[in-house]
Amino acid sequence: SVMAKPSRAKVKMLASQAKKVAAANRAVKKAKSEELTTSGLSPEDEYFQEDENWRTIGLDAPARRALIDEGFYQLSDLRKVSLAAIRELPGIGPNTIRILILEMKKQDLSFRS
């Protein structure tokens, strides 16, 4: 079976989409490399000391960064804040919430109500 040749319009549209994606990828890469050269540390290095507690309980990197950026370095720090406030943080998804609730129960801690 012979596949129909895509229309010129479709070819143009796909080429345009590919260029936009490539440009976005380049912009992200450039921003990351500039960030590295200005700080001299990779973002992961900056968080490495502080996020040990979060890594131990299995939180992913975006969640760990979100918590550290808000000044939460360990489970007991979360007693100062409500669960609703934690849910609002970028990088905190349903899986992170599940892990946090479970780990806090294990240590007999609770979020601020």
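Predicted model: local features only at pLDDT ≥ 70, side-chain atom pairs only at ≥ 80, totals over all residues.
Let me begin with a term: a residue is called buried when its relative accessible area is under 20%, exposed when that area is over 50%, and partly exposed in between, with a 1.4 Å probe and protein chains only. On that basis, buried residues make up 25% of the 113 residues in the protein.

Residues are numbered from 1 along each chain as its sequence is written, and side-chain values use heavy atoms, with hydrogens and water left out.

On confidence, pLDDT is the predictor's own confidence in each residue, on a scale from 0 to 100; its mean for the protein is 84, and 84% of the residues reach 70 or more.

Turning to the fold, the protein has six helices and zero strands, where helices (H or I, at least four residues) and strands (E, at least two) are DSSP runs numbered from the N terminus.

Helix H4, residues 61-69, has as its buried residues Ala 63, Arg 64, Ala 66, Leu 67 and Ile 68, and H4 is followed by Gly 71, whose phi is positive, near 90°.

Leu 67 brings us to the largest nonpolar core, which has 21 residues, and those with the most contacts inside it are Trp 54, Leu 67, Leu 78, Ile 86 and Leu 100. H4, helix H5 (83-88) and helix H6 (94-106) each supply at least two residues of this core. By nonpolar core I mean a set of buried Ala, Val, Leu, Ile, Met, Phe, Trp, Tyr and Cys residues joined through side-chain atoms within 4.5 Å. In soluble globular proteins, nonpolar side chains tend to be buried together.

What is Ile 86 in contact with, leaving aside its neighbours within four places in sequence? Taking contact to mean heavy atoms within 4.5 Å, the partners of Ile 86 include Leu 67, Phe 72, Leu 78, Ile 97, Leu 100 and Phe 111.

Finally, consider Ile 99, which lies in helix H6 and is buried, with a relative accessible area of 17%. Not counting residues up to four places away in sequence, Ile 99 touches Ile 57, Gly 58 and Leu 59; the C-alpha atoms of Ile 99 and Ile 57 are separated by 7.4 Å, although these residues are 42 residues apart along the chain.
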